[in-house]
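Dear colleague,

Please find below the structure that I am handing over to you. I would be grateful if you could look through it before reading my notes.

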Amino acid sequence: MLEIIKIARPGFWPTHVWFYLLPFAGRDMFGSIPFWLGCFYVSFPLGLLLYGWNDLGDYVSDRCNPRKDSWLFGGRPDAAMRRRLPWIIAAVQVPFLIAFVIIGGWWMLLWFAAVLLTNATYNTLGFKRLPVLDLLNQIGYLLIFLLGSWLCGVPQLNAATMVFSALFAMQSHLFGQLMDIEEDRIAERHNTAITLGAVPSKWLLVGIMLVEVAISWTYFQSPIVAGFMFAGAIFFSLDALAGPKQYPPLFTKLFFIAWNLIVIATMHFVWRYGVFLVE
């Protein structure tokens with residue numbers, strides 16, 4: 001059981017929950033069973049679906065990845081676990097599919113279909129090995145917003161927040177590629193980071209962050225988001241000027257721990273003050 005939880009990447013759950021909370025800004029949902037059901041789903045069950053499916057095709061690069069087999073970055077399932085994993089993933093999803101349809105109606109089947117399609121294109125059709133498509137596929141994380149809206153009957157987020165969040169998901173994925181660039185080369189992938197190279201990918205990361213700065217400064221109710229993204233753009237600009245050096249495992253671990261602490265610390269702030277609501 002511990003191995004299954006590790007495969008679901010607990011290190012990613014705070015960000016999932018943070019995304020899930022955004023449509024509920026300023027709303028008292030804490031007495032709502034559907035709210036808590038969805039909140040739990042976007043942690044372990046959704047993580048198992050997303051990252052377990054991903055691990056089925058990544059075992060070659062994962063074998064030489066020092067970040068893997070950890071609670072932060074996911075497990076390293078052996079051959080026996082990989083044979084069982086599709087059935088485990090399905091068994092975990094079915095109770096939530098039934099509960100979500102009962103609560104939210106038959107529309108929830110479309111939500112699950114969209115999640116499966118997003119994962120199939122990325123993992124089975126191989127979008128994760130193709131430049132540009134690997135980044136665009138990350139827009140699927142916006143389905144977390146749709147889940148909260150359909151499950152609990154709250155209005156959907158505005159267009160500015162959707163675009164910002166899509167860019168944020170792509171930015172995070174590109175950073176992950178930079179952390180794994182050598183392992184992905186061994187696995188003969190041709191994703192965005194490998195196709196562009198480390199330094200151009202870092203400048204692309206900076207460009208995405210600057211667009212996020214513009215969106216947050218123009219539309220959101222707090223300059224804190226713009227300031228945070230601008231600080232990130234400065235960091236990666238300096239990083240790009242330093243050259244194509246790969247991030248050491250200790251740096252990536254500490255960076256990810258710090259990121260999770262920031263996410264957890266800002267959850268109440270973002271929910272209470274509706275930071276991502278349009279002015």
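The notes that follow go from the overall fold to the aromatic rings.

This is a predicted model, in which local features need pLDDT of at least 70 and side-chain atom pairs count only at pLDDT 80 or more, while totals for chains, interfaces and linings use all residues. Residues are numbered from 1 along each chain as its sequence is written, and side-chain values use heavy atoms, leaving out hydrogens and water.

Overall fold

The chain has 15 helices and zero strands; helices (H or I, at least four residues) and strands (E, at least two) are DSSP runs, numbered from the N terminus. Its C-alpha trace spans about 50 × 50 × 30 Å along the principal axes.

Of the 279 residues, 53% count as buried (under 20% relative accessible area; exposed is over 50% and partly exposed in between, with a 1.4 Å probe and protein chains only). Among contacts (heavy atoms within 4.5 Å) with a separation of 6 or more, 77% join residues 24 or more positions apart.

Surface and charge

The chain exposes about 13000 Å², of which carbon and sulfur atoms supply 73%; these areas come from the Shrake-Rupley method with a 1.4 Å probe. The mean positions of the 18 positive and 16 negative charges are 4 Å apart. Lys and Arg count as positive and Asp and Glu as negative, without His and the chain ends, and each charge is placed at NZ of Lys, CZ of Arg, CG of Asp or CD of Glu.

Aromatic rings

The whole structure holds 29 aromatic pairs. Rings of Phe, Tyr and Trp (its six-membered ring) pair if their centres lie within 6.5 Å; planes under 30 degrees apart are stacked, over 60 edge-to-face and the rest tilted.

Y41 and F112 form an edge-to-face pair, 5.9 Å centre to centre with 70° between the planes. Because Y41 lies in helix α3 (residues 33–41) and F112 in helix α7 (residues 107–124), the pair ties together parts 71 residues apart in sequence. Both Y41 and F112 are buried.

The rings of W107 and W150 are also edge-to-face, with centres 6.0 Å apart and planes at 65°. This pair links helix α7 to helix α9 (residues 143–152), parts 43 residues apart in sequence. W107 is exposed, at 56% relative accessible area, and W150 is partly exposed, at 30%.

Finally, W18, F19, F145, F168, F228 and W259 form one aromatic cluster.

With kind regards
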